[in-house]
Amino acid sequence: MCGIVGFIGKEEAAPILLDGLARLEYRGYDSAGLAVFGEEKGLQVVKSKGRLQALSDLTKAGSTIQGTAGMGHTRWATHGVPSDVNAHPQASESGRFAVIHNGIIENFAEIKEFLQNQGVKFSSQTDTEVAANLLDYLYEGDLLEAVSKMLHRIRGAYAFGIICADCPDMLVGVRKDSPLILGHGEGFNFFASDVTAIIKYTREVSYLDNDEIAVITREGTQVYDSYLQPVKKERHHVDWEVSAAEKGGYAHFMLKEVMEQPEALRKTISPRLQNGQVKLDDLHFDVQYLKAMDKIYIIACGSSYHVGMAAKYTLEKLLHKPVEVALASEFRYCEPLVSEHTLAIVISQSGETIDTLTAMREAKRLGARVLSIVNVVGSTIARESDDVIYTWAGPEIAVATTKAYSTQLAVTYLIGLAFAQMMGTIEKEEYEAIVNELQLLPEKLQKVLEQREAIQYFASLYFNHSSIFFIGRHLDYAVGMEGSLKLKEISYIHSEAYAAGELKHGTISLIEDGTLVVALASYKPLFEKMMSNVIEVKSRGADVIGLTTEDVGPEMMKTVDHIITVPDTHPMLLPSLDVVPLQLFAYYVALQRGCDIDKPRNLAKSVTVE
Ligand code: F6R
């Protein structure tokens with residue numbers, strides 16, 4: 001949700017900023033801009049509606065703006081339509097300040113009115129221009145004083161990058177509930193929304209906390225709290241490779257990330273399995289706590305929520321405790337029944353989703369203990385949780401999540417197994433059977449990926465449909481929800497996921513000749529029931545693609561039009577295999593339709609507005 005990067009050093013800033021923005025473009029891509037301070041021309045602001053390429057063309061790859069200190073922004077519009085004038089950076093009326101911003105200033109309207117009453121004129125519809133003008137209004141010759149005063153006047157979630165024409169040798173970064181990191185180099189320094197933007201230049205980073213103000217100069221960085229008291233920050237070394245954030249020969253990040261899933265699963269599972277036992281050294285739970293637990297609340301959004309839907313079935317079965325799955329955006333407002341015996345499992349790839357973060361804080365406030373499953377190390381959710389278990393999926397760049405979803409699922413199995421063993425709610429044989437199959441998952445997943453061509457063929461048959469249904473029962477239903485979301489978000493085809501038994505209570509009226517139904521029937525205890533539902537839609541003219549395990553594939557093929565099979569495994573682990581053909585189906589449908597797969601319309605990765 002908007003990418004920001006700032007650089008100050010000895011080299012020309014603009015090309016470095018454009019390179020950083022290219023790696024942040026997944027966070028927003030409706031417009032982009034640069035502010036660079038040069039000795040000759042002072043503070044220069046250039047911006048353009050559209051993809052980053054438009055800005056790069058406008059500035060001849062950054063060569064037309066000289067200066068060694070600057071900042072860049074790629075936008076996902078909140079206040080004001082995507083346009084040149086609403087793009088960031090936003091300058092104050094006097095031109096003294098340029099500001100880039102990720103997030104929302106909730107009280108921008110009242111501040112704008114106040115400033116207008118002081119005679120300030122605005123040219124954009126953005127809340128960011130309000131911040132730039134507020135800074136200018138509060139400025140009495142001391143930049144940090146003005147920033148500190150501004151922080152005490154505004155409400156909302158934000159990460160700001162600030163340049164003041166009076167202080168050309170420094171950049172200022174500020175954050176509250178939107179991510180901002182500092183990158184440390186020799187003679188140069190950065191701020192950025194995330195590590196991908198700067199990893200080419202430095203692996204030494206520190207994470208800003210809420211209400212902190214960072215001053216970034218060529219010589220170093222200094223962080224202050226909002227009252228300008230110095231704060232000492234820990235440095236962290238990032239050890240993943242630059243190539244992890246590049247396409248590596250694939251047409252799209254999404255396809256690369258789908259194909260990386262066996263490896264991502266291996267990295268997430270293997271270090272946590274020792275001699276056939278799940279070892280979660282990252283967690284600190286004792287058996288008394290687990291036994292006294294009154295319920296588990298899983299809190300997440302989007303695909304992470306779908307992981308929660310699957311985890312509900314497995315955790316309830318393994319732990320004999322009630323599990324409630326809540327959409328994070330609803331949780332805060334539904335007066336959730338949480339006690340000090342409630343465990344909140346918070347799932348988030350980015351660790352920055354504001355809905356999830358605020359729901360997590362509410363769960364904590366109500367007394368819950370928070371265990372988060374997060375992919376981005378050092379992210380806010382990870383840092384604010386009582387316990388965190390990382391998915392080792394590596395950087396996920398495509399807006400549509402794939403490998404993060406898979407590794408989140410894997411972590412829910414590990415948590416279930418570890419807790420069930422501690423609580424004595426699982427038989428030894430069952431435990432061993434699941435652990436065995438868990439170890440085989442990456443290999444089996446590789447086999448599923450080998451069916452790419454068949455799935456591409458099915459996609460070529462149905463890519464021009466206007467509506468596609470996914471039906472399933474139990475775990476298959478949870479996976480269908482994810483398959484449907486993948487299809488919707490990248491191919492723009494309307495799609496619904498339905499609990500197969502529920503279809504006849506209304507939605508079946510939408511099934512007509514040629515409607516495509518993807519029927520998931522891999523959960524064996526409900527295979528026959530599921531087949532009855534398949535027959536119901538077939539009798540109303542639907543084309544059905546069946547998805548089931550290899551052993552029952554021939555049986556299902558007698559009824560459906562096409563079949564995709566996955567290797568058999570423990571029923572609890574089936575979602576990990578079933579989801580992959582659905583990811584590939586969505587991918588190839590979107591490819592046939594000529595969609596912008598990695599950057600679907602209206603979306604952005606890491607949703608930092610409510
Ligand atoms: C869908 C997708 C989103 C995210 C959701 C939560 O492909 O990526 O639905 O799953 O926005 O994001 P995180 O997991 O970062 O909290």
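User: What does the side chain of Ser350 make a polar contact with?
Analyst: With the side chain of Thr353, at 3.2 Å. Keep in mind that this is a predicted model. The Ser350 side chain also reaches the backbone nitrogen of Glu352, at 3.2 Å.
User: Where is Ser350 placed?
Analyst: In the loop between strand S20 (342-348) and helix H11 (354-365).
User: Is Ser350 buried or exposed?
Analyst: Buried, with a relative accessible area of 8%.
User: And leaving aside its neighbours within four places in sequence, what is Ser350 in contact with?
Analyst: Val376, Ser379 and Ser606.
User: OK, switching to charges. How many salt bridges does the structure hold?
Analyst: The count is 34. One of them pairs Asp209 with Arg383, where the closest N and O atoms are 2.5 Å apart.
User: Which parts does that pair tie together?
Analyst: Asp209 is in the loop between strand S11 (204-207) and strand S12 (212-216), and Arg383 is in helix H12 (residues 380-384), so the bridge ties together parts that are 174 residues apart in sequence.
User: What about Glu489, which residue does it form a salt bridge with?
Analyst: Lys486, with the closest N and O atoms 3.3 Å apart. As a general point, an α-helix has 3.6 residues a turn, so residues three or four places apart point the same way.
User: Are Glu489 and Lys486 buried or exposed?
Analyst: Glu489 is buried, with a relative accessible area of 14%. Lys486 is buried too, at 1%.
User: And what does Lys524 pair with in a salt bridge?
Analyst: Asp551, with the closest N and O atoms 3.2 Å apart. This pair links distant parts of the chain, 27 residues apart. Lys524 is in the loop between strand S25 (516-520) and helix H17 (527-538), while Asp551 is in the loop between strand S26 (543-549) and helix H18 (553-557). Lys524 is partly exposed at 33% relative accessible area, and Asp551 is partly exposed at 45%.
User: Which residues are linked in a network of salt bridges?
Analyst: Asp19, Arg23, Lys200 and Glu246 are linked that way.
User: New topic: helix H15. Which residues are buried there?
Analyst: In H15 (residues 452-462), the buried ones include Ile455, Phe458, Ala459 and Tyr462. Looking down the helix axis, the buried residues of H15 fall within an arc of 105°, so they line one face of the helix.
User: What do the buried residues of H15 pack against?
Analyst: Strand S23 (467-472), S25, S26, strand S27 (562-566) and helix H19 (574-592).
User: On to the largest nonpolar core. Which of its residues touch the most other members?
Analyst: Phe419 and Phe585, out of 99 residues in that core. Not counting residues up to four places away in sequence, Phe419 touches Leu283, Phe285, Leu290, Leu319, Leu343 and Leu371. There's also a second, separate core of 33 residues, which includes Ile105, Val147, Phe160 and Leu228.
User: Now Asn275, where is it found?
Analyst: In the loop between strand S16 (273-274) and strand S17 (277-278). Asn275 has a positive phi as well, about 50°, although it is not a glycine. Asn275 is exposed, with a relative accessible area of 79%, whereas Ser350, where we started, is buried.
User: Last one. What kind of peptide bond joins His88 and Pro89?
Analyst: A cis one, with omega about 0°. Pro89 lies in the loop between strand S4 (69-75) and strand S5 (90-91).

Notes:
Residues numbered from 1 in each chain as written. Predicted model: local features only at pLDDT ≥ 70, side-chain atom pairs only at ≥ 80, totals over all residues. Heavy atoms only, no water. Helix = DSSP H or I, 4+ residues; strand = E, 2+ residues; numbered from the N terminus. Buried < 20%, exposed > 50% of the residue type's maximum accessible area, 1.4 Å probe, protein only. Salt bridge = Lys/Arg side-chain N within 4 Å of Asp/Glu carboxyl O. Arc of directions from axis to C-beta. Contact = heavy atoms within 4.5 Å. Core = buried A, V, L, I, M, F, W, Y, C linked by side-chain atoms within 4.5 Å. Polar contact = N/O pair within 3.5 Å; in protein donor to acceptor, adjacent residues only side chain to side chain.
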